[in-house]
Amino acid sequence: MAFPEDVLTDGEHVVLDLHPHWKAMIRPVAVLVLALAAVITGLVLLDNEVLIYIIAGLAVVAVAWLSFWPWLVWRTTHYVLTNERVLLQTGVFSRDRRDIPLSRVNDHSMNQRFIERMLGCGTLTIESAGERGQSILTDIPHVEKVQTTLYELVEADRDHHSYNDDERPKYIPPAQETRAEENQK
C-alpha cells in the first residue's frame, strides 16, 4: 500500500516512504506456520472430525488475531520523508498522522541494539520544536541512511528558507511605527 500522494502540497515530493522493518513480521509468520502445522497434523493424526474442526477454528482465530492483524498494522504504518516535512502515519480503520515540518526539526538521533545492527534496522528519534517534542520511530529499516537523508533534507530546507546577504532587507520598521504611520495618512 503506497503512501497517498493527495496529502502532499504543491511542489512537495516523497523522498522516502518506509514501513517498519520486516522483523516486525517474524512472530506473525511463525504463528501462521504453527497454525498450518497444527491443522495438517490434526488432519493426518486424528479421526475425530469435531476435534479437527475445533483445531481448525482455533487456528483461524490465531491467524486472524496474531498474523493478519499485525500484517495490516505493518502495511498501514508509514514513515515518510518529503522535501518539506516528516509524516508519521498509522492506523488500519482510523488514521493518525503527525506532520513535522523540516524547519521545526531541532535534532535527530539513532540507536541500534546489537541484534538490530545485524538485521539492519534501528530507532530514529526526531526532536522538534512544538508541544510534543520528541517522536520515536522504531524498527526503521536502514536507519543510518534514513538519518543521513533526514539531515540532508533539514539542511536543504534551512538553506532554501534563509536569506543571502544581498536578499536581506536593510531595515524593517517595528510594527508599532508602521501602524502609527498608517494612522496619520
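This is a predicted model: local features need pLDDT of at least 70, side-chain atom pairs count only at pLDDT 80 or more; totals for chains, interfaces and linings use all residues.

Me: OK, helices to begin with. At what angle do the axes of α1 and α2 cross?

Reply: They cross at roughly 170°, and the axes come within 9 Å. Helix α1 covers residues 26-45 and helix α2 covers residues 49-76.

Me: Which residues make the contact?

Reply: From α1 you have Arg27, Pro28, Val31, Leu32, Ala35, Ala38, Val39, Gly42 and Leu43. On the α2 side, the list is Ile52, Ile55, Ala56, Ala59, Ala62, Val63, Leu66, Ser67 and Pro70.

Me: And how do the residues of that contact divide into nonpolar, polar and charged?

Reply: There are 15 nonpolar residues, two polar and one charged.

Me: Switching to electrostatics. How many salt bridges does the count come to?

Reply: Six salt bridges.

Me: What does Glu116 form a salt bridge with?

Reply: With Lys23, where the closest N and O atoms are 3.6 Å apart. Glu116 sits in helix α3 (residues 114-119) and Lys23 in the loop between β1 (14-18) and α1, so this pair links parts 93 residues apart in sequence.

Me: Are Glu116 and Lys23 buried or exposed?

Reply: Glu116 is buried, and Lys23 is too.

Me: What about Asp139, how far apart are the closest N and O atoms in its salt bridge with Lys23?

Reply: 3.2 Å. Asp139 is in strand β7 (residues 134-141) while Lys23 is in the loop between β1 and α1, so the pair ties together parts 116 residues apart in sequence. Asp139 is buried, as is Lys23.

Me: Now α4. How do the side chains of Glu155 and Arg158 meet?

Reply: In a salt bridge, at 3.9 Å from N to O. The two are three residues apart in helix α4 (residues 143-160), so about one helical turn separates them.

Me: How does Glu155 count by relative accessibility?

Reply: Glu155 has 29% relative accessibility, so it counts as partly exposed. Arg158 also counts as partly exposed, because its value is 35%.

Me: Last one: which residues do salt bridges with shared partners join into one network?

Reply: Lys23, Arg113, Glu116 and Asp139.

Definitions and conventions
Residues are numbered from 1 along each chain as its sequence is written. Side-chain values use heavy atoms; hydrogens and water are left out. Axes are lines fitted to C-alpha atoms, for helices over the stretch in contact, and angles run from 0 to 180 degrees between N-to-C directions. Helices (H or I, at least four residues) and strands (E, at least two) are DSSP runs, numbered from the N terminus. Contact means heavy atoms within 4.5 Å. Ala, Val, Leu, Ile, Met, Phe, Trp, Tyr, Cys and Pro count as nonpolar, Asp, Glu, Lys and Arg as charged, and the others, Gly among them, as polar. A salt bridge is a side-chain nitrogen of Lys or Arg within 4 Å of a carboxyl oxygen of Asp or Glu. Buried means under 20% relative accessible area, exposed over 50%, partly exposed in between (1.4 Å probe, protein chains only).
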